[in-house]
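Grab a pencil and work through these exercises with the structure open beside you. Try each task before you read its solution.

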Amino acid sequence: MTEAMHLILIFEDDQAIQNVLRVLFEANGFRVVIAETAARGENDARLHRPDIVVVDLGLPDRDGLNVITAIRAWSPVPIIVLTARTAEAQRLAAFENGADDYVTKPFSAPELLARVRAIVRRHVRGELPMGMLELGDVSIDLGRRVARRRDGRDVRLTPLEHRILETLARHGDRIVTHAALIKEVWGPHRNDSRALRVYIGSLRRKLEIDPARPKHILTELGVGYRLVIDAGVEPGG
Amino acid sequence: MFTRNPASIAAPSPLTARNLRQKGLAFAAPLRRAGRTILRFATDAPQPHPPWYWPDYLRALAIPTVTTAIAFPLSPYFGLVNIVMLYILGTTVGALRLGRGPSVLIAIANMLAFDFFFVPPVFSFDVEDTHYLFTLGVMLIVALVIANLMVSIRRHREIADAREQRTAVLYAMTRELAVATDAQAMTAAAVRHISAVFHSTAVVLIADARGCLSPMSPDESVGKEAQRPLPAFDLEFAQEVVTGGERCIKDAIYLPLLGSRRVRGVIVVCPQPPARALPAEQLNLLDAFAAQLALSLQRARLAEAAEAARISAERALLRNTLLASISHDLRTPLSAIAGAGSLIAQPEYALNADRRTTLGNLIERKARDMSHLLTNVLELMQMEFGSATLRTDWHAIDDLVALALRTNEARLAGWRTVVNLPTDLPLIMVEATLIVQILSNLLENAAKYTPPGTTITLSAAVEEKSFSLVVADDGPGLPPGDPERLFEKFQRGRSESNIVGVGLGLAICRAAARLHGGDIRAMNNAGGGARFEIMLPVETQADAASEDEDRDTRR
């Protein structure tokens with residue numbers, strides 16, 4: 001897939017980081033628009049219709065979290081937060097406001113590029129159809145609720161495990177916050193993360209090749225979980 | 001109240017004199033039931049008998065009567081000399097038990113009885129032979145001298161007893177004050193003792209630095225049983241006592257607590273009933289109580305000040321070491337970055353692509369080191385100086401271990417990592433970032449101090465009430481010396497190595513573990529290699545998940 005015409009809008013007030021980001025993305029075939037303030041950036045967003053947005057939370061005129069909310073109000077464009085704020089509460093707030101990913105400063109340029117590419121690719125591909133899911137050597141038919149290993153053995157998932165997996169799959173490989181996951185699986189009246197953690201553990205034991213080092217069901221500390229679907233395997237269905 | 005009956009002194013009931021004294025010194029809670037009686041006895045004993053207490057005079061008259069009744073039948077067989085001796089014996093016995101006045105009465109009555117019943121002519125006060133006048137005179141004088149001696153001996157004994165009791169009472173309070181560690185416990189103990197000894201209500205007012213008084217808040221720990229009603233007191237008057245520094249009596253007794261430099265507070269004591277004035281002896285005892293409390297409060301204050309001084313010295317030391325280390329550990333990579341940057345930027349050097357790449361990598365690596373150091377320093381500061389509240393939640397241990405491994409994936413590329421966790425581990429209530437941080441630091445440490453190819457094992461075990469996480473390796477093991485030293489700030493495994501980092505990693509691990517009420521320790525494996533054990537307390541959790549599991553599997 002080529003990113004030749006992909007436009008990236010960057011909210012960043014620091015000159016040095018602006019330079020680094022411009023060089024990084026232009027060298028990798030993006031068109032780059034940089035906004036120094038939240039007001040400028042929101043304007044640019046409406047004007048240029050970017051394919052992806054990178055937001056620094058510490059902007060001179062407004063908190064970046066407000067920018068996320070404002071853009072989310074009218075656009076599903078993927079948003080990556082790039083910030084020096086590392087506190088868990090900040091990460092959670094960013095995701096709850098609609099961010100798609102969170103990268104902390106100091107960032108590694110290759111890592112940031114990889115995340116941006118992954119999100120753009122996913123966004124272009126669109127939401128995953130509810131169908132077959134390939135995780136390592138297990139393929140899961142979400143519709144019929146059957147899971148099978150490559151060697152033909154059945155993997156038995158309980159109804160709740162199925163629902164968790166289905167919810168994670170529906171969000172592609174975006175992070176699903178604990179609260180959202182609990183609400184979708186158990187309903188709105190549950191406020192206890194313990195059961196969720198236990199079920200995630202048992203899902204990993206059933207699906208991951210090495211449950212101690214999960215590759216598909218990943219924990220985002222203090223925020224939630226993310227399902228990583230094997231790269232290159234297009235969901236059938 | 002008053003020891004009017006002399007028998008209570010001379011013929012001890014179970015609650016008097018010697019055995020009481022022993023109890024007073026021996027028992028731990030001296031002011032319950034039995035103690036009250038002792039103390040009452042102790043404080044009341046020094047008071048003198050009133051001079052005209054008539055029952056004693058009636059008792060005094062019994063002595064000549066009884067003596068006469070015994071002596072009369074014996075008179076045919078005894079000479080008059082021996083009868084005189086009997087009367088003198090009676091006087092002695094009487095004086096032993098009664099006061100001065102009754103004793104004098106006995107002496108006179110004895111003389112008259114002897115004259116009436118035995119000196120011829122009998123049954124008359126007349127004296128036949130004038131020699132007997134001399135006998136009667138000497139008899140009276142001897143009896144009076146004996147009575148006087150006896151009374152003063154008894155008086156001295158009473159005073160000695162009272163003094164001893166007072167010592168016991170003070171000692172009981174002093175002992176409790178000595179065990180108390182803070183001002184609150186001290187005032188509570190003092191109030192309790194004073195209330196019991198003086199049958200009064202009492203309150204301690206503590207003066208702040210400006211001398212303003214406020215009542216010491218009641219100690220929650222003592223429970224309802226010890227809660228006493230507060231006496232009504234006049235705060236303004238108490239304030240004047242602080243200024244004056246002397247005992248004053250108004251509706252209540254106000255005693256200043258004298259510190260070395262200023263008045264530390266005031267005890268207000270209201271004897272019950274309020275109208276009752278305390279005799280001088282008791283006021284002196286009360287002064288002694290106040291002095292004792294003042295001394296103890298002074299001691300508590302000094303201890304507090306010493307502790308504060310120790311903490312601030314420790315912080316100053318930490319700050320200085322931190323500054324020294326940071327400035328070194330930040331300047332070194334900074335100069336490398338600045339140097340590399342200037343090399344790349346100067347066109348006249350005309351660097352080839354290879355050199356540029358090398359310099360670029362160097363810049364990135366050094367910047368990353370600095371960032372890592374900064375994160376560590378900030379985190380440690382937050383844990384040590386910040387508000388140490390944890391944002392805990394339930395977490396699965398395997399999840400946290402996996403996160404730590406993922407974070408260090410690149411660093412551990414050349415090492416073999418083995419995860420060895422039981423499947424039935426309980427969820428733990430922790431702040432996840434801190435636990436991941438501990439594991440991360442330990443993994444990083446292992447990568448720093450063992451050669452590539454070393455196996456690093458992560459394992460866990462649940463014990464009765466605690467949970468332990470172990471990071472072990474089969475590398476060269478800990479450096480010689482006390483392993484505890486490793487957890488001090490700015491300690492490196494090898495002191496003269498060029499390994500990056502200010503040696504904060506393990507200090508952070510310890511701070512984080514202790515915030516959770518646990519700890520971390522280091523040792524060498526029996527089979528070689530280093531071993532770090534993190535101990536965390538396990539909180540019991542309601543089985544929310546298994547409930548679900550039941551419902552979930554039945555379908």
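**Exercise 1. Find which residue of E8(A) stands opposite Ile140(A), and then follow the strands around it.**

Step 1. Ile140(A) has Ala147(A) of strand E8(A) across from it. Strands and helices here are DSSP runs numbered from the N terminus, with at least two residues (E) for a strand and at least four (H or I) for a helix.

Before going on, a note on the model. It is a predicted one, where local features need pLDDT of at least 70 and side-chain atom pairs count only at pLDDT 80 or more, while totals for chains, interfaces and linings use all residues. Residues are numbered from 1 along each chain as its sequence is written, and chains are lettered from A and ligands numbered from 1 in the order in which they are written.

Step 2. Now look at the whole pairing: E7(A) and E8 (residues 146-149) are antiparallel, with four bridges. Two strands count as paired if DSSP finds at least two bridges between them.

Step 3. Check the turn. Four residues lie between E7(A) and E8(A) in this hairpin, and Arg145(A) in the turn has a positive phi of about 60 degrees.

Step 4. Go to the other partner of E7(A). Strand E6 (residues 132-135) of chain A runs antiparallel to E7 (residues 138-141), and four bridges join them. Here Ile140(A) in E7(A) faces Leu133(A). This hairpin has two residues between its strands, and Gly136(A) takes a positive phi near 60 degrees.

**Exercise 2. Work out which strands pair with E12(A).**

Step 1. Start with E10 (residues 175-177) of chain A: three bridges join it to E12 (residues 224-227), and the two run antiparallel. Thr177(A) sits opposite Gly224(A) of E12(A).

Step 2. Then take E11 (residues 217-220) of chain A, which is antiparallel to E12(A) and joined to it by four bridges. One pair to spot is Thr219(A) with its bridge partner Tyr225(A).

Step 3. Finish with the turn: the E11(A)-E12(A) hairpin has three residues between the strands, and Gly222(A) shows a positive phi near 75 degrees.

**Exercise 3. Write down the strand order of the open five-stranded sheet in chain A, and explain why one side of E2 and of E5 lacks a neighbour.**

Step 1. Reading across, the order is E2-E1-E3-E4-E5, with parallel pairing.

Step 2. Strands E2 (31-35) and E5 (101-104) of chain A are at the edges with a single partner strand each, so one side of each has no neighbour in the sheet.

Step 3. Neighbouring strands are turned by 20 degrees against each other on average, direction ignored. For angles, axes are lines fitted to C-alpha atoms (for helices over the stretch in contact), and values run from 0 to 180 degrees between N-to-C directions.

Step 4. Zoom in on one pair: E1 (residues 7-11) of chain A and E2(A) are parallel over five bridges. Ile10(A) is across from Ile34(A) in E2(A).

Step 5. Contact means that the C-beta atoms of two residues, placed from the backbone, lie within 7 Å.

**Exercise 4. Describe how H2(A) and H3(A) pack, using angle and axis distance.**

Step 1. Two packed helices are described by the angle between their axes and the distance between the axes.

Step 2. H2 (residues 38-48) and H3 (residues 64-72) of chain A pack at about 20 degrees, with axes 11 Å apart.

Step 3. H2(A) is therefore roughly parallel to H3(A). (Angles under 35 degrees are roughly parallel, over 145 roughly antiparallel, 65 to 115 roughly perpendicular, and the rest oblique.)

Step 4. List who meets whom: Ala38(A), Gly41(A), Glu42(A) and Ala45(A) in H2(A) meet Asn66(A), Val67(A), Ala70(A) and Ile71(A) in H3(A).

Step 5. Sort them by class: five nonpolar, two polar and one charged. (Ala, Val, Leu, Ile, Met, Phe, Trp, Tyr, Cys and Pro are nonpolar; Asp, Glu, Lys and Arg are charged; the others, Gly among them, are polar.)

**Exercise 5. Say how many residues each chain brings to the contact, and which helix of chain A gives the most.**

Step 1. Chain A brings 18 residues and chain B brings 25 residues.

Step 2. On the chain A side, helices H6 (159-170) and H8 (193-207) each supply at least two residues. H8(A) gives the most, with six residues.

Step 3. By class, the side of chain A that touches chain B has eight nonpolar, five polar and five charged residues.
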